[in-house]
Amino acid sequence: EINMAKIRHNNILDTVDSVLSVSKKKGIIHLHAQDQTLDGQTLTLNGKQVLHFGTCGYLGLEHHPQVKAGAIDAIVRYGTQFPMSRTYISNPLYSELEALVQEMYQAPVVISKNCTLSHLTTIPSIIRSTDLIILDHQVHASVQEAVKKMLTQGVTVEMIRHNNLEMLEDRIKKLRNKYDKIWYMADGVYSMYGDFAPIKDMIALAEKYEQLYLYVDDAHGMSWAGQHGTGYVMSQMPDGLYRKMILTANLGKGFGACGGLSLFPNEEWYHKVNTFGGPLTFSVQIEPATLGAALASARIHLSDEIYRYQTELQQKIAYFNELLQKTNLPLVHENTSPIFFIGTGTMDMGNYLVQELINDGIYVNLATFPAVPAKNIGIRITISLNNSLEAIKTMAEKLNYHFNRALLATDQTDQKIRKAFKMVPQPEIVNAAPKYTPAQPFTVKCYTTIEKIDATLWNKHLGHQGMFDHEGLKFLEKSFSGHPQPENNWDFKYYLVEDALGQVILMTFLVVALHKEDMFAPDSVSRAIEQERLFNPYYLTSTGMILGSLFTEGNHLFVDKNSPHWQTALKVVLEELYRQQEKSNASNIMF
Ligand SMILES: Cc1ncc(COP(=O)(O)O)c(C=O)c1O
């Protein structure tokens, strides 16, 4: 048995809460627009007008006169709500909308109130306890939520690395005789990094293995791509919806209304979902205004007008790509999607950059944990038809200016960012700006054993919390060394920062150890992975650095916030940790 504890669910919630609270306090998330009217070009935030580069309304259809008129007309005719379950009666506009959507996709469709509900409606109706679900590591949270429901019904769930079809094939080869169907779940266009799923390769794999089925969420690919705006995934399937794929799409982003589509390659699945698809039965239906807007938008999608918008958006996307090429900004994926991700690596730099951009009149999204991995923070910029070329140019210039300032101010480097995102490093650029070097009126010490640290000092600041007092750590060091199995040998590192008078400003410790990559995954995912580990004990494991240890609980970091240098001390220790990470070849640092 590999000796690795699981981090408690509450610890994760606390971490997320504290991460988001910092950004909230800085006035960059959980904001409220303060405008009397909106047109998609600007917003008023914190009393200031800013250019809007954070919308998912890529074609600006939510401001299209016909779409607005469709909503108003529906309210006038049918009122603001039709408060009944669709099990009894659907509003008259539903069948009209279904017919238009079917015309767009040439496939039967179930329409839900939003895309999250599409997953909750479809996944439990189609997947059986004899099937296996394999999630892409980055598949959208709404898919993962619906899959959680399947766990209670005994369905086995696994996860593979992002877009890694080799790993997927490996799992299929191993497991195909154990399950009726193996469902791989992925996004068409990933909502944060804007990268694409390898749809054609996924289909080729499904052709190779009869057991493989595909469930793809193309929420962000809708409208700006594909014939009749049916989306990125459909654009990769010129012969129509693949026979073993369920596709979901979203009426609430590029489409300009609200609602979720589940599209099926056969009538059988359609009927299964439509007859008794959970929330479809017990939850309220889409309100008339939204149905009216969706109908008007569907008519635009079925006309040539949509291609005009698609082309114009592609021109704007190409223009922004061109501007970015003239800079050294770390664009994580360069492609034709309207979602751009500029890496900052750290939260510190992400917060700083978004705040400075807002102050300078540009709104972009902070992409933070848990929507992206903690090491891969950055800013998400979306381009919509409402952004003029001039506005895009202004944004690109300000982005470049503030990005370089944020690097210096937060002690981040371009190299570190590129490394975190596994990007090709840029040649070193000599920066004309003077290098920001914080004064260091203190010393940083690193030890590899607790024996080198005075017991009274340690116990006063950190060791009064039980398990990890001076004696406890001596015991742990002894227990986790000299074993034949690598997972039972941990490297201990102790960090101490003292000021000029020898007062401790910061004290912490960590272990470098082999750990399981599913530490944060739900129990049932881990259970499935453990099955595999019976035969392949190092499956989905890697070396990581864990603040504290895998064994101890409590606060593993002492910082004297009365010291004027505590923030700099923290920064310097973080630098040390990243250096150590490189030396130990550790895949991540867990705080
Ligand atoms: C990929 C993806 N799927 C689903 C959703 C959820 O859609 P809805 O808001 O309609 O529930 C989102 C929302 O951002 C998304 O990005």
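Two strands count as paired if DSSP finds at least two bridges between them. Helices (H or I, at least four residues) and strands (E, at least two) are DSSP runs, numbered from the N terminus. The model is predicted: local features need pLDDT of at least 70, side-chain atom pairs count only at pLDDT 80 or more, and totals for chains, interfaces and linings use all residues. Residues are numbered from 1 along each chain as its sequence is written, and side-chain values use heavy atoms, with hydrogens and water left out.

**The seven-stranded sheet**

Seven strands form an open sheet with mixed pairing, in the order S3-S9-S8-S7-S6-S4-S5. Strand S3 (109–112) and strand S5 (156–160) are at the edges with a single partner strand each, so one side of each has no neighbour in the sheet. From one strand to the next the twist averages 20 degrees; for such angles, axes are lines fitted to C-alpha atoms, for helices over the stretch in contact, and angles run from 0 to 180 degrees between N-to-C directions.

Within this sheet, six bridges pair strand S6 (residues 182–187) with strand S7 (residues 212–217) in the parallel sense. Opposite Ile182 stands Leu212 in S7. Helix H7 (residues 199–208) packs on the sheet and touches S6, S7 and strand S8 (245–250), where contact means heavy atoms within 4.5 Å. The direction of H7 makes about 155 degrees with that of S7. Helix H9 (residues 267–276) lies across S3, S6, S7 and S8, and runs at about 25 degrees to S3.

**The ligand**

| Residue, N or O atom | Distance to a ligand oxygen atom |
|---|---|
| Cys115, backbone | 2.7 Å |
| His140, side chain | 3.3 Å |
| His220, side chain | 2.7 Å |

Taken alone, the ligand exposes 390 Å², of which the protein buries 81%; accessible areas come from the Shrake-Rupley method with a 1.4 Å probe.

**The three-stranded sheet**

Another open sheet has three strands in the order S10-S13-S12, with antiparallel pairing. Strand S10 (339–345) and strand S12 (365–367) are its edge strands, each pairing on one side only. Its twist averages 30 degrees from one strand to the next. S10 and strand S13 (residues 377–382) run antiparallel and are joined by six bridges; Phe340 has Ile381 in S13 as its bridge partner. Helix H13 (residues 347–359) lies across S10, S12 and S13, at about 180 degrees to S12.

**Backbone exceptions**

Most residues other than glycine have a negative phi, and most peptide bonds are trans. The bond from Phe369 to Pro370 is cis, with omega near 5 degrees, and Pro370 lies in the loop between S12 and S13. His30 is not a glycine but has a positive phi of about 55 degrees. The loop holding His30 runs between helix H1 (9–25) and strand S1 (42–45).

Note on methods: Polar contact = N/O pair within 3.5 Å; in protein donor to acceptor, adjacent residues only side chain to side chain.
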